[in-house]
Structures are given as C-alpha cells and as structure tokens.
Amino acid sequence: MSLPANIQRTDFGTLPDGRPVSCYRITNQSGIELRVIDYGGIILSLKTPDRDGRLDDIVLGFDSLADYLSPAYRQANPYFGALIGRYANRIGGAEFSLEGQRYRLVSNDGGNSLHGGDPGFDRCLWRAETFVEARGSGLVLSRVSDDGEAGYPGRLSVRVSYLLGDDDSLEIAYHAETTRATPVNLTQHSYFNLRGEGSGDVLDHRLMLAASAFTPVDEQLIPSGEIAPVAGTPFDFTTPTAIGARSRQRHPQLVRAGGYDHNFVLDGGDADDQGLRFAARVIEPESGRVLEVATSEPGIQFYAGNALDGTLKGKAGQPYRQHAGLALETQHFPDSPHRPDFPDTILQPGEVYRSRTRYRFSCLAAST
C-alpha cells in the first residue's frame, strides 16, 4: 500500500540481530517536519519555523542508528527522543511489592530502576503503521512487553500514536492493557532547544510551569514523599522565568540534582475538548519560537540537561554540552509504587491505560 504524499519511509540501518529499522518523515500543511524511527519510537528531528519562517531542527539527536547504538551513547544514557516505559522516571531500590508479591527490577541507576530498566522501551523495535485523519497525519507504534520483561509482571500490550497536526501541534497518545496488575507510567523524552539543536544552551529560554508545588528528592533523586510549594524557591516557574536565572543558586535541591531534574505537580485547571490541561510554555527570545505543553497527566518532569558533558555530538556536528536541551516529560510521579499518597500508577487487568500530551508550536510576532 502506497503512503500519503506527506509521509515517507526510508531505511535507517540494521540492528545487531539483523532486524531492519525504518525512518518515517511526516510533514504538515505549514511545512513542519517530524522524523521518527521505529527503534525506541525515537523522534530523530522536528523542524519548525522561527519568526522569519526559517526551519530549524529543535530536538537533540543523531542522524545515524550507529550513534544510538554506540557504547558512548549507552554509557551516557540520555534517552534522546525516546519512548519511555514501562515506568518513566525512577523506582527506588529497583523493587516494589504488589498484591503480596515482591518484584525485583533491573537496576540501571545506582541501586534504582530508571525509565523501565534495561532494556526499556527506548531500546525496543516497535511495529509501525502510518495513518491520516482529519486533524493531520501520523504514526502508530505498538509492541507487547512480555510478562517478566525487566522484572515487571503482566503481559503489557502498548500502543503509542504520534499525530502531527495541521494546527502545528504534535499530539502523543498512549494506550496499554495488561494481563496482571503492574505499574505503568509512559512518557516521551525529547530534548528541546528552540534556537535549534547544536546552537548552544537553553539557559535563556523562558519557562512557565502550571505548577505551584513539586516533589523534592533525596540524594539518589528518589522523591521524599513531600509535596513542597515552589513559592519563594528557584522552582517557582508560575510566571515566565529564564531557566538560567536561578539554576546556580545553592538551593539544596539544585545541588542534589546538579540543577533542575524534578517532578512538578501540575495545578490542573480547565480541560480542553481533548481532556488536556495547560502544563508548560517555553519561549526562546532570539528565534521567537514558543512551545506549549498540555496533558492529561498529573505531573511533568523538568530536566535541564545537567548531565550532558560534550561527549556526544549531534546532527549539526556540535557537542552536546551541559544544558544543550531541556526535557518536559509528562508523567505520573516518580516512585509511586512506594507512595500510596501519590496518584496511582497500577494498571489492573480489564482496565485501559490512557494518557495524552500535546506539544504546540508557534512564534512570537517580530518586534517593532
């Protein structure tokens, strides 16, 4: 079956076991271009216009599969552009108890499990199908996570869709069902630099978060269980603030995490007709680009790329140094299986996990 004119599929290399990887290029009526591979559901690139109409790639990543499979990448483990599961963020001690049984997970972050362990969904080959609907065009990625994969119970059937809308949005919808009770917390881990990837740091990006509280962490970046107000702290982004304005303050939480790498508790508010609530807005003054995030999730992880150290070079040939990009990962809270007072992340047989997040792209008008 032939693809629509605005969707192209090309070969993107071969995994070590011989399985081929494909790349899907999708464009909308405004010329925004999205490239996704079926390995890891990775968003390779996302080109959007600045206030002068110039297209730039605004997400971090690579042009070759070899870079995503390299020892240097696996050691740095930044999860550039990848789908994350079964459990986004951290589960303390790489274990949890559920219905009277204790489950040991893969430890890949000290003694903790991070982003689903190893292999997580970011290192799996997904089945891909393209689609076209009234709002735009996209890609559906699906896979089955077998009972016991990375230590998790239940056979989990997962489907994730990327819809590039003609309203200049990227909408990501998650769907999962299980055969046994299991924690599920899915997200997308793109790093954004609205000036263009490889163009320097994001410290002058102005961030607003619809969050009057956050979840402080311990020395291993596991939530303490406290829901702390952001007022009077460097974590107050309830009004637009440059990311670098307070990032070097000696606040204990910034010192502990090496900068911003925290879950923010979204305030809620009125939902739109898709059931999504405003979560975040990022403005890049030079290009005029604006990114708005709306979600059905109760939390958002703001990560300012603290651990990027210049080891990895991106598509523009420039090293990705500290703060080369920022991630806004919509999610349930970290370590929720150990925190019954946090929003529940346990999916039961017969239930359906649904989550939806929309990234909308626009530009400020040129100054006069």
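## Surface and overall build

Accessible areas here come from the Shrake-Rupley method with a 1.4 Å probe, and for residues only the protein chains shown count as cover. By that method the protein exposes about 14,600 Å², with carbon and sulfur atoms supplying 46% of it. What you are looking at is a predicted model, where local features need pLDDT of at least 70, side-chain atom pairs count only at pLDDT 80 or more, and totals for chains, interfaces and linings use all residues. Residues are numbered from 1 along each chain as its sequence is written, and side-chain values use heavy atoms, with hydrogens and water left out.

Let's start with the parts list: 3 helices and 28 strands. Helices (H or I, at least four residues) and strands (E, at least two) are DSSP runs, numbered from the N terminus. The C-alpha trace spans about 60 × 55 × 45 Å along the principal axes of the protein. The radius of gyration is 19 Å, which agrees with the value near 21 Å that a compact globule of 368 residues would have. That radius is taken over C-alpha atoms, and the globule rule is 2.2 Å times the number of residues to the power 0.38.

## Inside, outside and charge

How much of the protein is buried? Of the 368 residues, 58% are. Buried means under 20% relative accessible area, exposed means over 50%, and partly exposed is in between (1.4 Å probe, protein chains only). Then there's the question of who touches whom, where a contact means heavy atoms within 4.5 Å. Among contacts with a separation of 6 or more, 65% are between residues 24 or more positions apart.

As for charge, the protein has 36 positive and 47 negative charges, and their mean positions are 2 Å apart. Lys and Arg count as positive and Asp and Glu as negative, while His and the chain ends are not counted. Each charge is placed at NZ of Lys, CZ of Arg, CG of Asp or CD of Glu.

Most residues other than glycine have a negative phi, and most peptide bonds are trans. A few places here do something else. G85 and R86 are joined by a cis peptide bond, with omega at about 0°; R86 sits in the loop between β6 (82-84) and β7 (90-91). Another cis bond runs from D118 to P119, with omega near 5°. You'll find P119 in the loop between β10 (113-114) and β11 (127-133).

That loop between β10 and β11 also holds H115, whose phi is positive, near 55°. H115 counts as buried because its relative accessibility is 5%. N77 has a positive phi as well, near 55°, and lies in the loop between α2 (71-76) and β6.

A search of the whole structure turns up 20 aromatic pairs. One of them is F235 with Y260, an edge-to-face pair at 5.5 Å centre to centre and 85° between the planes. Rings of Phe, Tyr and Trp (its six-membered ring) pair if their centres lie within 6.5 Å; planes under 30 degrees apart count as stacked, over 60 as edge-to-face and the rest as tilted. F235 is in the loop between β20 (228-229) and β21 (241-242), while Y260 is in the loop between α3 (252-257) and β22 (261-265), so the pair links parts of the chain 25 residues apart. F235 counts as buried at 0% relative accessibility, and Y260 does at 1%.

Y260 also pairs edge-to-face with F237, at 5.3 Å centre to centre and 70° between the planes. Because F237 is in the loop between β20 and β21 and Y260 in the loop between α3 and β22, this pair ties together parts 23 residues apart in sequence. Elsewhere, F62, Y68, Y73, F80, Y191, Y303 and Y320 make up one aromatic cluster.

F302 is in strand β25 (residues 299-303) and counts as buried, with 0% relative accessibility. Leaving aside neighbours within four places in sequence, F302 is in contact with several residues, including F237, Y260, L207 and L328. Y152 is 150 residues from F302 along the chain, and their C-alpha atoms are separated by 26 Å.

Is K313 buried or exposed? K313 counts as exposed, at 54% relative accessibility, and lies in the loop between β25 and β26 (326-331). With neighbours within four places set aside, K313 is in contact with F62, Q318, P319 and Y320. K313 and G61 are 252 residues apart in sequence, but 8.5 Å apart in space, C-alpha to C-alpha.
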